Amino acid sequence: MITRDEVLNSILKECTICKHLFTKIPGDAFDFKPTENQRNTTALLRYLSVCGIASLQVMLHNSDWGKWKPYSDAVKEMKPEDFPAAMDKQMGEIEDAFNAIPDSDFQTVMVKHPTGGEMTLGAGILNMTLSWLTAYRMQLFLYAKQAGAHDIGTSNNWSGIDRPAKA
């Protein structure tokens, strides 16, 4: 069985990888978006800086999706250079909230996904908090690549490290 610490560490790792990928975004690419109907890089950074804690707080408050708005409002004007600090803040808030969850709640508290369906809090943390951070981290990686960061690869995206030099 997966432990609380293992899940928390996976969530925090996603945040750390996002901070690493941020350092790879070309300086002129914060307005970049692959197509007209997608977020630009700055908007993606804003979303990433709150989607973990906002989803967790929604679930911890009886699936009240109104709990998301204060988080998105708080980063509405966030500048790209503020992203690392925003991620650090989110990581601390996630850790505090996560550690306050009684063990039994992971299997007994039921939460609702925004597209429908009900699941345990533990499954919700995996299916929302962790998976959204993972998915949008991947999007950030792709934006960086498309915007000109051609020297990044698998190790940057999945481990948050630069590719080791070949011997």
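Which helix is Asn-156 found in?

1. Asn-156 sits in helix H7, residues 154-159. Helices here are DSSP runs (H or I, at least four residues), numbered from the N terminus. A quick note on what you're looking at: this is a predicted model, where local features need pLDDT of at least 70, side-chain atom pairs count only at pLDDT 80 or more, and totals for chains, interfaces and linings use all residues. Residues are numbered from 1 along each chain as its sequence is written, and side-chain values use heavy atoms, with hydrogens and water left out.

2. Asn-156 is buried, at a relative accessible area of 2% (buried means under 20%, exposed over 50%, with a 1.4 Å probe and protein chains only). Its side chain has two polar partners to check: the side chain of His-20 at 2.8 Å and that of Asp-162 at 3.0 Å. A polar contact is a pair of N or O atoms within 3.5 Å, one able to donate a hydrogen and the other to accept it; residues adjacent in sequence count only if both atoms are side-chain atoms.

3. Leaving out residues up to four places away in sequence, Asn-156 also touches others, including Ile-17, Leu-21, Lys-24 and Arg-163 (contact means heavy atoms within 4.5 Å).

4. Now for H4: residues 83-99 make up its 17 residues. The buried ones are Phe-83, Ala-86, Met-87, Gln-90, Met-91, Ile-94, Ala-97 and Phe-98. They lie on the same side of H4 because they cover an arc of only 140 degrees around the axis, taken from the directions from the helix axis to the C-beta atoms.

5. Those buried residues pack against helices H1, H2, H5 and H6. On the face turned away from the buried side, you'll find exposed Ala-85, Lys-89 and Asp-96.

Methods
Helices (H or I, at least four residues) and strands (E, at least two) are DSSP runs, numbered from the N terminus. The expected span of a helix is 1.5 Å times one less than its number of residues.
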